[in-house]
Amino acid sequence: MLSPELGHYALALACILAAAQGILPLIGAHRRDRRVMMLAPGLALGQCFALAVSFACLIYAAVTDDFSVQNVAANSAVSKPLLYKITGVWGNHEGSVLLWALILGICGAAVAAFGRNLPTALRARVIAVLGGVAAGFELFCLTTSDPFARVWPAPMDGQGMNPLLQDPGLAFHPPILYTGYVGFAVPFAFAIAALIEGRVDAAWGRWVRPWAVAAWCFLTCGIALGSWWSYYVLGWGGYWFWDPVENASLIPWLTGTALIHSAIVVEKREGLKIWTVLLAIATFSFSLSGTFLVRSGILNSVHAFANDPARGIFILGLLAVVIGGSLALFAYRAPSLTAGGLFAPISREGALVLNNILLCSICAVVVTGTMYPPFMSLLFDRTISVGKPFFDATTIPLALPLFVFMGFGPMLPWKRAQLWPVLQRLWLAAILTAIAFGVAAYGVSGLLPVLSCGVAVWIIIASVTDITERVKLFRMPLAGSWQRARMLPRSIFGTAIAHAGVGITVLGLAAMSQAQHKIVEVPVGTTEHLAGYDWTLQKVEQAPGPNYTAMVATIEVRHNGALVTVMHPSKRSFNSQNQTTTEVSIHTNLLSDLYGVLGDKHGTDAAPTYVLRLHYNPLAPWMWLGALVMAIGGVLSLSDRRMRVGAPRRAKPISEIGGAA
Amino acid sequence: MSHSTGQTPRTRLRRIVTALVLGLSVFLAPALVLAVDDPSEMLPDTKQEARAEAIGSQLRCLVCQNESIEDSSAGLARDLRRVVREHVAKGETDHQIMDWMVARYGNFIRLSPPLSVGTILLWSMPVLALLLGLGLAFFSYRRRAATPVAPPPLSEEEKARLAKLTKE
Amino acid sequence: MSTQDPNKPCLTRRRVMMGVPLAGAAVLGVGFWKMLSGMQQGSFNPHDINAPVLNRPVPDFTLPDQTPGQGFATQDLKALTKPILVNFFASWCIPCLAEMPTLMALKDDLELWGIAYKDRPENAAKFLQHSGNPFTRLGSDRDGRVGIEWGISGVPETFLIGPGGIIRWHSATPLEVETIRQTLIPLLAKLKTP
């Protein structure tokens, strides 16, 4: 029943519904015709449903091994495990565009479902903008990357998926990351709606913020998951490469982070209104252009996408309409928006402005560094490389002051503040930071890691201090503090936790600069010493797997004679595809990772030797743990009552608004 | 591919990784061996080896995407690693080794491009962006401080909306 | 909106400022469009390696013989009085095989010297037996070190060496008749009439 033709039809239907969704509510809102405006939620839900059907058809084709569908034939095979048949659907260009469209459809449906107490006209316009964008992408999907195209004659078996992609971490990385990217379409739609209406006020700031925070949480998790995946799959402990594709995800994260902070100023002080609208447009524009320019082949060397110029031109046209159109509207309408109120430089809003300046400066550097090589080659016919050394040298000096200000920014009162009383309250953080500097200077080599350790401790302790100060911990009976803590808005905790998460990540990054590794070629029975651990290669065995044979090593790791762990790094040779993969073995105690890789076999069969790569990575898990903590902070502030103003007024469980995006 | 670069598994692997950060599919040649580098490549003197690694991480693996020769297992990267280590063992300075590389491969091999007329915008971007941001904030602050305009009073509709909202 | 605004110049300035993001995006967009159309026409390749330094003397090297030819060294190239092509190839490189017919057609008009890059001499010899041998002289770069001296990043790569042993031109893609007609021949004409 779920045939590819039905999927194709549902996609076309979704495209038409999206076009209607993009046009009718705008007309209705313009004419103040309530009945036409009320079409918007229905159309959004209908479009989402059609897309869901379409996506289900593609999954069904993959699961049932329908190799007459070109996409399935090219990316799947009978022998593939069921989980990867499903997740493989979005592991290729056509399927991932469809997933994009589906998530966008879900965003529209979420606004329709949870935005019931938004003013009718605003909701109609927001849904219309989402519909317009969705129509464009569905058209792209239909015309240039049809996931349902058939092949004739249908092959007996598909070409199969790369064994490397058969990894649970990777299977769920794209949906999370895409939800982050696409989630920023909702703040974007709110910004466009506000420009059309010509009104940005505190209420707008309050409505837009939960959507931005939710998208930000997903994007944070998505980036961290990708980084973690490359850490455990690459086999040498690398986690971030400043690659154009990675930068493409970092850029919207930076502007998105700026957005969730500046929206606070809109909400509390009606300031930074025009700026926030611009940030909302910019964040989604960067999400769009990042993902799609990579596919056009300009930014990445992945040949598979460089070969379809029609796709590139279509993408560029779509970007021109969406980004160019929204920026033109911005240029036309923003000057007439009323400017925000005046505020003192030293105040909470002043600190938030500084946060925005620093985040956007980092973003500008990353954008410039990423785009410079192609533009140099276009304009001056000169090829240059911009890589890790450049980005490290330029972004870190901007990030360090950001981290310092992060410590006391949340403690500054609104409107007008004095720095000294706030700094006085941070005496404990200051002392602990000084101690951290001392310890780091003693135990850590390099100026930058020492500085990073210091600021990381500063952020974490200052975030904790913010909470303890607010609940007057130890300055009143514990029961009273508990009472105060319960009365405190959850978003305060959210902020503190998210900030502490940044500190945790920075600490992990700083410690990783002290990682140690060793590459050796040894016979079985040898003991190697690294970072105070004794690593003994006990044996290497052949072990058969479902569709591969593996060479599995047993490495015993001892610390002062006590057994710490037994590692089993392995090397798999896949029979069918003539490929081998390396399975890294990682032992973590959350304070450090012991990381073992088995390499090639050398020597004669009688006396074989094996190449081993051993790593000691201090605090490595903290890099991703910090990101998780940041996201938890985001979710916590989403559950704040004040964030739920956009939810229905009737007594109904309304906690879903957070999870809606 | 029209040019055989003698790419080895890890180069390809990196491509997959980068492609997959965005969930894209890649058409790749088979044989995805993740080679562990040959330990015999390393210099016996740990200080010299550390120096060689530091120099190598500034040099681009020419056939890879933004990857240094230290991180890549492409054949060319391996050869260049060996060259760097030979020069280090000979006692050449970092500067001399970098010049040697640039003389052959041009500035393209440097992951951090040298400051020149063409890259001045690139290198000045952090300061430029920061100054622009601070300047913008400063001027809008000064302008607003000079013309203290009270925000227009709320309309009845707005008042009602706000009251409704803040009751929550 | 309110055109009756008393601060009209201020509003104009704001309008200009609000247009800056659009202008920036437009510049980027035009750039991308140029890149995409350049990629279609083949005039622009963002992944171009384009590494070797041109217009410099050939590097110092000595190459042992590669059957069936005689090896050569820096002095041999510096002693040249007419332009020649130096081509890096390998038996393990499929594009090299595809390039061979073009080289065979070219060899009567322009002298070609070959360097077998990171190849076993016997494999390279067999390769030339199969595809034909367009090279006047042949050297074997067994470990790829001479390739690094020249600044190559893979095979096939071709260098045009002017009289006196100056590197004049370089191609990191297999030579095609089109390239020869459009680039190489005009360049040769220029070299002959200095």
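C:Pro68 sits in the loop between α1 (8-41) and α2 (74-78) of chain C, where helices are DSSP runs of H or I with at least four residues, numbered from the N terminus. The peptide bond between C:Thr67 and C:Pro68 is cis, with omega about 5 degrees. Keep in mind that this is a predicted model, in which local features need pLDDT of at least 70, side-chain atom pairs count only at pLDDT 80 or more, and totals for chains, interfaces and linings use all residues. Residues are numbered from 1 along each chain as its sequence is written, chains are lettered from A and ligands numbered from 1 in the order in which they are written, and side-chain values use heavy atoms, with hydrogens and water left out.

Chain A has a cis bond to look at too: A:Trp152 and A:Pro153 are joined by one, with omega about -5 degrees. A:Pro153 belongs to the loop between α7 and α8 (168-171) of chain A.

Now follow α7 itself. Helix α7 (residues 120-144) of chain A packs against helix α1 (residues 4-31) of chain A at about 150 degrees, their axes 7 Å apart; axes here are lines fitted to C-alpha atoms, for helices over the stretch in contact, and angles run from 0 to 180 degrees between N-to-C directions. So α1(A) is roughly antiparallel to α7(A), a label for angles over 145 degrees. The contact residues of this pair split into 19 nonpolar, six polar and two charged. For that tally, Ala, Val, Leu, Ile, Met, Phe, Trp, Tyr, Cys and Pro count as nonpolar, Asp, Glu, Lys and Arg as charged, and the others, Gly among them, as polar.

Further along chain A, helix α20 (residues 447-470) and helix α22 (residues 490-512) come within 8 Å, axis to axis, and cross at roughly 165 degrees. That makes α20(A) roughly antiparallel to α22(A). In the loop between α20 and α21 (478-487) of chain A you'll find A:Lys472, whose phi is positive, near 50 degrees, in a residue other than glycine.

Helix α3 (residues 39-63) of chain A has 25 residues and reaches 36 Å from first C-alpha to last, close to the 36 Å expected at 1.5 Å a residue, a span worked out as 1.5 Å times one less than the number of residues.

Definitions and conventions: Helix = DSSP H or I, 4+ residues; strand = E, 2+ residues; numbered from the N terminus. Parallel < 35°, antiparallel > 145°, perpendicular 65-115°, else oblique.
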